[in-house]
Amino acid sequence: MLPLSWVEEYVHSRNADDAGMEGVCEIWLTSEDTGAYGRDIRTDLPTLLWRLVEEIPEGAMLRLGMTNPPYILEHLERVSL
């Protein structure tokens, strides 16, 4: 069975790299439950977010959408720095 989460490298390359070249000022990262990202591929949402934040263009905004409280609450400390 294939994992349901896209691997971090693919998400990074599709969002951050393309955004800089295309003049994008806003990136939306969303799914049915973004807070559960990575549980199937041994990573987590904060790891992905911090990698994207390091690479997105200056002045661009990263919007995070669609999550359920049980999953996002376990990440609050790491994503609210």
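**View 1. Asp-44 is buried, at 17% relative accessible area.** Here buried means under 20% relative accessible area, exposed means over 50%, and partly exposed is anything in between (1.4 Å probe, protein chains only). This is a predicted model, where local features need pLDDT of at least 70, side-chain atom pairs count only at pLDDT 80 or more, and totals for chains, interfaces and linings use all residues. Residues are numbered from 1 along each chain as its sequence is written, and side-chain values use heavy atoms, with hydrogens and water left out. Asp-44 makes a salt bridge with Arg-78, with 2.6 Å between the closest N and O atoms. Asp-44 sits in the loop between β1 and α2 and Arg-78 in helix α4, so the pair links parts 34 residues apart in sequence. A salt bridge means a side-chain nitrogen of Lys or Arg within 4 Å of a carboxyl oxygen of Asp or Glu. Helices (H or I, at least four residues) and strands (E, at least two) are DSSP runs, numbered from the N terminus. As for Arg-78, that one is partly exposed at 38%.

**View 2. Glu-74 and Arg-39 pair up in a salt bridge, 2.8 Å from N to O.** Glu-74 is in the loop between α3 (69–72) and α4 (76–79), and Arg-39 is in the loop between β1 and α2 (45–55), so this contact ties together parts 35 residues apart in sequence. Glu-74 is partly exposed at 49% relative accessibility, and Arg-39 is partly exposed, also at 49%.

**View 3. Glu-26 meets Arg-63 in a salt bridge, N to O 3.2 Å.** Glu-26 belongs to strand β1 (residues 26–30) and Arg-63 to strand β2 (residues 61–65), so the bridge joins parts 37 residues apart in sequence. Glu-26 is partly exposed at 28%, and Arg-63 is partly exposed at 38%. The count by this rule is three salt bridges.
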